[in-house]
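Let's take a friendly walk through this structure, one region at a time. Have the model open beside you as you read.

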Amino acid sequence: MKIQKDYRPLGCAECAGGAGLEFDFTMAFQPIVNTTTKNIFAYEALVRGLNNESAGQVFENVNDSNRYRFDQSCRTKAIKLAAHLGCQAFLSINFMPNAVYRPELCIRTTIEAAETFGFPISQIIFEITEGEKVEDITHVREIVQYYKAKGFKTAIDDFGAGYAGLNLLAELQTDIIKLDMALIRGIDQNKSRQAIVKGILQVCKELSITTIAEGVETYEELAILQTFGIELFQGYYFAKPAFQSLVAVSPSAFEIP
């Protein structure tokens, strides 16, 4: 039996309420910090169940028939909640590239949500998630170009792992890449990872792409990455995701232990 996909344009209110989905969810927010200016650069919106269930449990309900609606609902819920919480930093939202069938149509709900809840488009970052293999790179390139033209920032998540590699970067050239935690873990003791990260940073420098190191858990990882010139970091060393709230970062996280 062929699965019917519902691509009917959705309104902001519909998406905020999870219309068309047989499950509901909310968001947690994890800060991305700038260790040079010692402030919060952005908050990444992360899917959670209504009782703080993990993203994995929520994604068990996502399939080909509701992927588009889920993607649209994620965007609207993230913007609505971030605006309600008074987010002044960038808001980073993951999107599923294979759920976007026409960028000019799919972005309408996002723009409507930004206008409805008073959140500036210029403060929204769209992250291409690594969880799905990009089926049509030309299509995704068009999405990235269209979003950038509309004033959104774009990013490749989990760069250096799974499907997110140099070929994807060459094709898309997003504003930002986020180095995968697999590269970051124990990098202070791993010369191979250090060499790989330095190489990626050189490419990003030549392409004027900003780099974020995600999954930082220790001061030693942070310290060596700072010597490479990285300023933006995300990870448990600074703060865990906060359920339906914007967590502050302790000043001690910026100090040498």
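## Naming the elements

Helices (H or I, at least four residues) and strands (E, at least two) are DSSP runs here, numbered from the N terminus. By that scheme, Asn-52 is found in the loop between E2 and H2. Please keep in mind that this is a predicted model.

Buried here means under 20% relative accessible area.

E3 pairs with strand E2 (residues 39–48) in the parallel sense, over four bridges. Within that pairing, Tyr-43 has Leu-91 of E3 as its bridge partner. E3 also pairs with strand E4 (residues 124–128), again in the parallel sense, over five bridges. There, Ile-93 has Phe-126 of E4 as its bridge partner.

## The largest pocket

Now turn to the open space in the model. The largest pocket has a volume of about 740 Å³, and 32 residues line it. Which of them lie nearest its centre? They are Glu-44, Leu-46, Asn-94, Asp-157 and Asp-158.

Several elements give two or more residues to this lining: the strands E1 (26–34), E2, E3 and E5 (153–159), together with the helices H2 (55–59) and H3 (67–84). Of these, E2 gives the most, with five residues.

## Two loops with positive phi

Two loop residues are worth a look for their backbone angles. Lys-38 lies in the loop between E1 and E2, and its phi is near 60°, a positive value in a residue other than glycine. Lys-38 counts as exposed because its relative accessibility is 52%, and the cut-off for exposed is over 50%.

Asn-52, in the loop between E2 and H2, also has a positive phi, near 70°, and is a residue other than glycine. Is Asn-52 partly exposed or buried? Its relative accessible area is 40%, so Asn-52 is partly exposed.

## A nonpolar surface patch

To finish, move to the surface. Leu-166, Val-203 and Leu-207 make a nonpolar patch of about 220 Å². Leu-166 has its place in helix H6 (residues 166–172). With a relative accessible area of 52%, Leu-166 is exposed.

Definitions and conventions
Residues numbered from 1 in each chain as written. Predicted model: local features only at pLDDT ≥ 70, side-chain atom pairs only at ≥ 80, totals over all residues. Heavy atoms only, no water. Pairing = 2+ DSSP bridges. Patch = residues over 30% accessible without salt bridge, like charges linked within 9 Å, V, L, I, M, F, W, Y side chains within 5 Å. Areas by Shrake-Rupley, 256 points an atom, 1.4 Å probe, with all protein chains shown as cover. Salt bridge = Lys/Arg side-chain N within 4 Å of Asp/Glu carboxyl O. Buried < 20%, exposed > 50% of the residue type's maximum accessible area, 1.4 Å probe, protein only. 1 Å grid on protein atoms, 1.4 Å probe; cavity = no way out; pocket = protein on both sides within 12 Å on 5 of 7 lines; lining within 4 Å. Points joined across faces, edges and corners; volume = space filled by probe spheres on them.
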